[in-house]
Amino acid sequence: MSTKRIAALGMMAVVGLATAGCGDSSDGKTAAAEKPAASSSSAGYPVTLENCGVQQTFTKAPDRVVVMNGASVAEVSTLLALGLKDRIVVNQQTYGMSEVPGRADEIKKLPKGDIKLNDAFDIPREAMLAQRPDLVLSTTAYGFDAKNGFATRDQLKQVGANSYISPQGCGQDTAKMTMEDSRTLLRDMGKVFGVSDRAEKLIAASDKRIAEVAEKVKGEKKPKVMVLFSNMSMGGNDFSSVVAKGIYNDILAHAGGTNAFENAAKGSFADLSKEKVAAADVDALVVISYNDPDPQAYAKKLLKEFPQWTASKNDAYVVLSDSIYLGPSNDLAVEKIAKALHPDAL
């Protein structure tokens, strides 16, 4: 994996991985059944949205949407959760697995545009403009930086395309990201496509599920959790993909846990030696799979490697993919982690 790709992953909201129908995402049935199509009429328009300091006006719902990679599935999953897959003409986001049944396959079936990607594994300028988009979505500002070979927001505007950078992606610092940013992404897309009612239903159902879980684990001892990516290196040490800050910690808190390495770095990720990891008090593992075919094996390997951990003695771990990132299914991550940390409470 290239350093550019890894950099993009580190910017996610993750990564933000992140992710389908908040409200009814546990079984995926309601989202599939409703599939509300965005209206192409002028009802409810124009819609004006300020995004990363750029004010844009939508006179109708976009119908040629390009979703950039950004090592994320947050944007494409949000569109799918809102029933907008028919608006996507090119999608470069993929994850290989999902906590939402059928979501990974649904993403896989979306058009890719037969585009030769650049060194950053994303859509280069000329290829982007050739798609004739009316909306381009990027996880961070990285995707609109000319230095990276991408079409800028101004260049897209010149060909009639609006652009959108997901929450916390303006400055490319996702360390402050919370689940509120997932709600913002849903609400913004709801406004842009004229499906705000659907967005609010998803948010309300997700919030209800998260609140129910949080109430059940309230007052329980908060285990110290190590969150890291499966078989991934982002730095120079043995453990360079350990989560320190970001949306992950908000999810952990609602699941009744705390990040064992929250203070190990100022940014989203810590780059730790094996010795520091061995010396830590780890009660449970959350292993995040990013296109890893066997993340369970990686979790088992870690537990065997550090038998002194409480996590190892109790075989306490959970494997997640897209629900723990920015995206519409954070409720699933909260529930799955809570069940691993507090099995008697749920």
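Predicted model: local features only at pLDDT ≥ 70, side-chain atom pairs only at ≥ 80, totals over all residues.
Local features were considered at pLDDT of at least 70 and side-chain atom pairs only at pLDDT 80 or more, whereas totals for chains, interfaces and linings use all residues. Residues are numbered from 1 along each chain as its sequence is written, and side-chain values rest on heavy atoms, with hydrogens and water left out.

Helices (H or I, at least four residues) and strands (E, at least two) are DSSP runs numbered from the N terminus, and two strands pair if DSSP finds at least two bridges between them. Four strands form an open sheet in the order S4-S3-S5-S6, with parallel pairing. From one strand to the next, the twist averages 15°; axes are lines fitted to C-alpha atoms, for helices over the stretch in contact, and angles run from 0 to 180 degrees between N-to-C directions. Three bridges join S3 (residues 65-67) to S4 in the parallel sense, and Val65 has Ile88 of S4 as its bridge partner.

Helix H3 (residues 74-81) lies across S3, S4 and S5 (135-138), at about 140° to S3. Helix H7 (residues 179-193) also packs on the sheet, touching S3, S5 and S6 (contact: heavy atoms within 4.5 Å), and its direction makes about 165° with that of S6.

The structure holds nine aromatic pairs. Rings of Phe, Tyr and Trp (its six-membered ring) pair if their centres lie within 6.5 Å; planes under 30 degrees apart count as stacked, over 60 as edge-to-face and the rest as tilted. Tyr95 and Tyr325 pair edge-to-face, at 5.5 Å centre to centre and 65° between the planes. Tyr95 lies in the loop between S4 and helix H4 (103-108) and Tyr325 in the loop between S12 (317-320) and H13 (330-341), so this pair ties together parts 230 residues apart in sequence. Both tyrosines are buried (under 20% relative accessible area; exposed is over 50%, partly exposed in between; 1.4 Å probe, protein chains only). Ring pairs link Tyr95, Phe229, Tyr248, Phe269, Tyr290 and Tyr325 into a cluster.

Eleven salt bridges were counted, each a side-chain nitrogen of Lys or Arg within 4 Å of a carboxyl oxygen of Asp or Glu. Arg103 and Glu106, both buried, form one with closest N and O atoms 3.3 Å apart. Arg187 and Glu180 meet at 3.9 Å, N to O, and belong to a salt-bridge network that also includes Arg183, Glu200 and Asp207.
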